[in-house]
Amino acid sequence: MLFIKSTFFKRVLILFFFLIYNPVSSRANECGWFLSDFTSPVCTDAKYIFWTGTTITAGLRLLKQIKGFDEIQRRAVAKNHLKGLGEFGGDIGYGYLNGTYILGNYLLGGARGAKKASHMLQATFYTVGTTVALKSMIHETRPGYPQEHDSFPSGHASASFAFASVVLAQDGVLWGSLAHLAAIFISFSRINDEWHYLHDVTAGMTIGMSYAWGIYFNNMDYGKPYWFTVLPTENLDGLSIGYALSF
């Protein structure tokens, strides 16, 4: 085994490792520097997901307005495919998957885990924030609970599909496919149990996927670091995980 005794070469290697994991120069995305993570769904290649999902959502909402009801949601409720599992889907959809992924990777995954945790944290942060803002502005009633006015968009769908997209981007097709199956189950449970219409769910899916991939493309294509970064120690004798909040 080769041991590096020279302090100079040790510091050079540490700085080299740091530069690999943290690009010192990043470029503005298609919309510029300002709020680049917030605008990433429409200012990176995630725009293809965003505009496709938005178009589908608008079409479903228009169809519901013309018919006066959501046929798919009505049939799902009538058949009640999930039985008692619908409540389970609702329970796990409150961001528990996202939180478990963040904590697990940050605490146990080292530098690579910190990067994955940061991607999940950022995607979830922007997804939830956007979802809550839209709910408060639109005030659409829920199909089975007309006294509640926060149906659009589905927070369960947005959080679960943000989770699934990050897993796909960071952990590959196998784990990403399993995560998407979980997201589909959670989202369908909200239709099955009369909490949401189909267009609520497609809107949530669009938001979650767009932010997960938009933030990913900001990092990969434009060199913008995630919030958790690998930093050299003050004396350049090791590496530490740093945290920087930038929008």
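User: What distance does α10 reach from its first C-alpha to its last, given its 25 residues?

Analyst: In this predicted model, α10 contains 25 residues. At 1.5 Å a residue, a span of 36 Å is expected. The computed reach from first C-alpha to last is close to that, at 34 Å.

User: Is α10 mostly covered or mostly uncovered, and how many of its residues are buried?

Analyst: A residue counts as buried when its relative accessible area is under 20%. By that cut-off α10 is mostly covered. Of its 25 residues, the number buried is 21.

User: Which residue just after α10 takes a positive phi?

Analyst: The phi in question is about 75°. The residue that adopts it, just after α10, is Gly-223.

User: Where is the cis peptide bond, and what is its omega?

Analyst: Pro-153 is located in the loop between α7 and α8. The cis bond joins Phe-152 to Pro-153. Its omega is about -10°.

User: At roughly what angle do the axes of α6 and α8 cross?

Analyst: Leu-97, Asn-98 and Tyr-101 of α6 are in contact with residues of α8, including Phe-163 and Val-167. The axes of α6 (residues 96-108) and α8 (residues 155-171) come within 8 Å, and they cross at roughly 35°.

User: Which element gives the most residues to the lining of the largest pocket?

Analyst: The largest pocket holds about 370 Å³ of space. Among its 23 lining residues, those closest to the centre are Gly-93, Tyr-94, Gly-155, His-156 and Arg-190. Two or more residues come from each of α5 (85-92), α7 (110-138) and α8. With five residues, the element that gives the most is α7.

User: How many charged residues are in the lining of the second largest pocket?

Analyst: About 280 Å³ of space lies in the second largest pocket. Its lining has 14 residues, with Phe-50, Thr-54, Leu-134, Thr-206 and Ile-207 nearest the centre. By class, 10 residues of this lining are nonpolar and four are polar, while the number charged is none.

Key. Residues numbered from 1 in each chain as written. Predicted model: local features only at pLDDT ≥ 70, side-chain atom pairs only at ≥ 80, totals over all residues. Heavy atoms only, no water. Axes fitted to C-alpha atoms, helices over the stretch in contact; angles between N-to-C directions. Helix = DSSP H or I, 4+ residues; strand = E, 2+ residues; numbered from the N terminus. Contact = heavy atoms within 4.5 Å. 1 Å grid on protein atoms, 1.4 Å probe; cavity = no way out; pocket = protein on both sides within 12 Å on 5 of 7 lines; lining within 4 Å. Points joined across faces, edges and corners; volume = space filled by probe spheres on them. Nonpolar A, V, L, I, M, F, W, Y, C, P; charged D, E, K, R; others polar. Expected span 1.5 Å × (residues − 1). Buried < 20%, exposed > 50% of the residue type's maximum accessible area, 1.4 Å probe, protein only.
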